[in-house]
Protein chains: 2
Amino acid sequence: MVRSKNGEAALEPPKKLQIIEAAFSLFRKNGFYATGVDLIMQKAGVSKRTLYKYFPTKNDLIVAVLNHYRIVYEKYLNQILKQKDKTSRRKILEIFDDAEQWFEDINFHGCLAVNAMGEFSGKNQAIEDSCIRFKRWEIDILRSLTKDINSARADELAYKLFVLLEGMSSIAQVTKGACPFDMTAMANEIIERHTP
Amino acid sequence: MVRSKNGEAALEPPKKLQIIEAAFSLFRKNGFYATGVDLIMQKAGVSKRTLYKYFPTKNDLIVAVLNHYRIVYEKYLNQILKQKDKTSRRKILEIFDDAEQWFEDINFHGCLAVNAMGEFSGKNQAIEDSCIRFKRWEIDILRSLTKDINSARADELAYKLFVLLEGMSSIAQVTKGACPFDMTAMANEIIERHTP
DNA sequence: GACAATGTATACCGATCGGTTTATCTTGAT
DNA sequence: ATCAAGATAAACCGATCGGTATACATTGTC
């Protein structure tokens, strides 16, 4: 059984990833300050010593979680972006369609980077930088798509779509109600208006 | 000098308001969990006993601060809304103009209700309710103005403007950079498109 | 079977948290 | 001048925080 355990261990994520994923779900649900390291190590099934071996401070773990957040997002986006048979416009609308569903999920608690900035703004530069990088990356993705729609006004279109996405996210986080209007249709209108 | 002190005391806000205002600025800058009651009482120039007389728990103070946040916002909005010589459209654009300046301010840290929801979602019902009420109130104000522009589609127009406002707020909070596009012009475009 | 490495469990640390209590001082009304 | 009210300052409380240190169990390698 030792051998089989080893085989599994090679496939299952290492402890470091376990910790990040446990912290990720706890931070998202309960916030950063409100989540203690004891709870994280308990949920990760890992001792405190191991946790502090991989992450010398809690803030280091937070930075790692924010990076993980982007990687998870990236994996999802790549599934959409790699579809060769779809136009950039359709890809964008697909992103908005999925986002609309997320926002209606009872377990949606807003963008982790926005929440982190609300708790650590002016307090921890590394965390702030992570958040800023995340948002810049988000709009870069959108811009890479809007370039195919209207290369001359790609920046403007990407930014307008981004504002729509962020606005809906914030509103959904607070009001927790279903969107009173069709977000994807809104995105489609904006794209329509910027299509030459 | 005792008499002059008394005279001033009658005009200056009572201790309760001092506490709320001190907590307001601290919560906005440093977040809720990260701000201890000791710092609040120190900044308010008030003893701990007095603070706990007016607010039995810290969460009670947070709710009061969120209500205060709405009242401050309301006072500002009333200055705009009461101008009889301006159209509702101009009033909306004025709101967006001011918002754009706020967002570029170095001391802007996002919407307090959004930040509070990020820290207390699923933890404190009273705080959550305060945040939800705040957002509902915001969109109600917008709807009261869009009714004058297009009564048939007032809800839709108000919501679109609200999404724009919230989206810009979130983006500004994280990226801390100047808006790359003219937000008021965007609002104007939206209104234009919904004007019959 | 021995050994070093690694992980776990847990006790512990000082600091700080939200909140209470006590003791002192100021104040306004009589 | 006195006295009760209400404020302050500060000690204090138990709990929890992030983080460290210790003791024990498990593991792969030789």
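Analyst: A:Asp38 has a relative accessible area of 44% and is partly exposed; A:Lys48, at 37%, is also partly exposed. On this scale, buried means under 20% relative accessible area, exposed means over 50%, and partly exposed lies in between (1.4 Å probe, protein chains only). This is a predicted model, in which local features need pLDDT of at least 70 and side-chain atom pairs count only at pLDDT 80 or more, while totals for chains, interfaces and linings use all residues. Residues are numbered from 1 along each chain as its sequence is written, chains are lettered from A and ligands numbered from 1 in the order written, and side-chain values use heavy atoms, without hydrogens and water.

The side chains of A:Asp38 and A:Lys48 form a salt bridge, at 3.2 Å from N to O. The two residues are 10 apart and link distant parts of chain A, with A:Asp38 in helix 3 (residues 37–44) and A:Lys48 in helix 4 (residues 48–54). Helices (H or I, at least four residues) are DSSP runs numbered from the N terminus. A salt bridge needs a side-chain nitrogen of Lys or Arg within 4 Å of a carboxyl oxygen of Asp or Glu. Over all chains, the structure holds 26 of these bridges.

A:Arg143 and A:Asp140 make another, at 2.5 Å. These residues are 3 apart in helix 8 of chain A, so about one helical turn separates them. A:Asp140 is partly exposed, at 40%.

Other bridges join the two chains. Between chain A and chain B there are 4. In one of them, B:Lys176 pairs with A:Glu128, with the closest N and O atoms 2.9 Å apart. Here B:Lys176 lies in the loop between helix 9 (154–175) and helix 10 (183–193) of chain B, and A:Glu128 in helix 8 (residues 125–146) of chain A. A:Glu128 is buried, at 7%, whereas B:Lys176 is partly exposed, at 39%. B:Glu189 also bridges to A:Lys160, at 3.2 Å.

As for the surroundings, each of the two chains gives 41 residues to the contact, where contact means heavy atoms within 4.5 Å. About 3500 Å² is buried between chain A and chain B, with 68% from carbon and sulfur atoms. Of the part that chain A buries, A:Tyr159, A:Ile171 and A:Val174 supply 19%, more than any other three residues. Buried area is the accessible area (1.4 Å probe) that two parts lose on being put together, summed over both.
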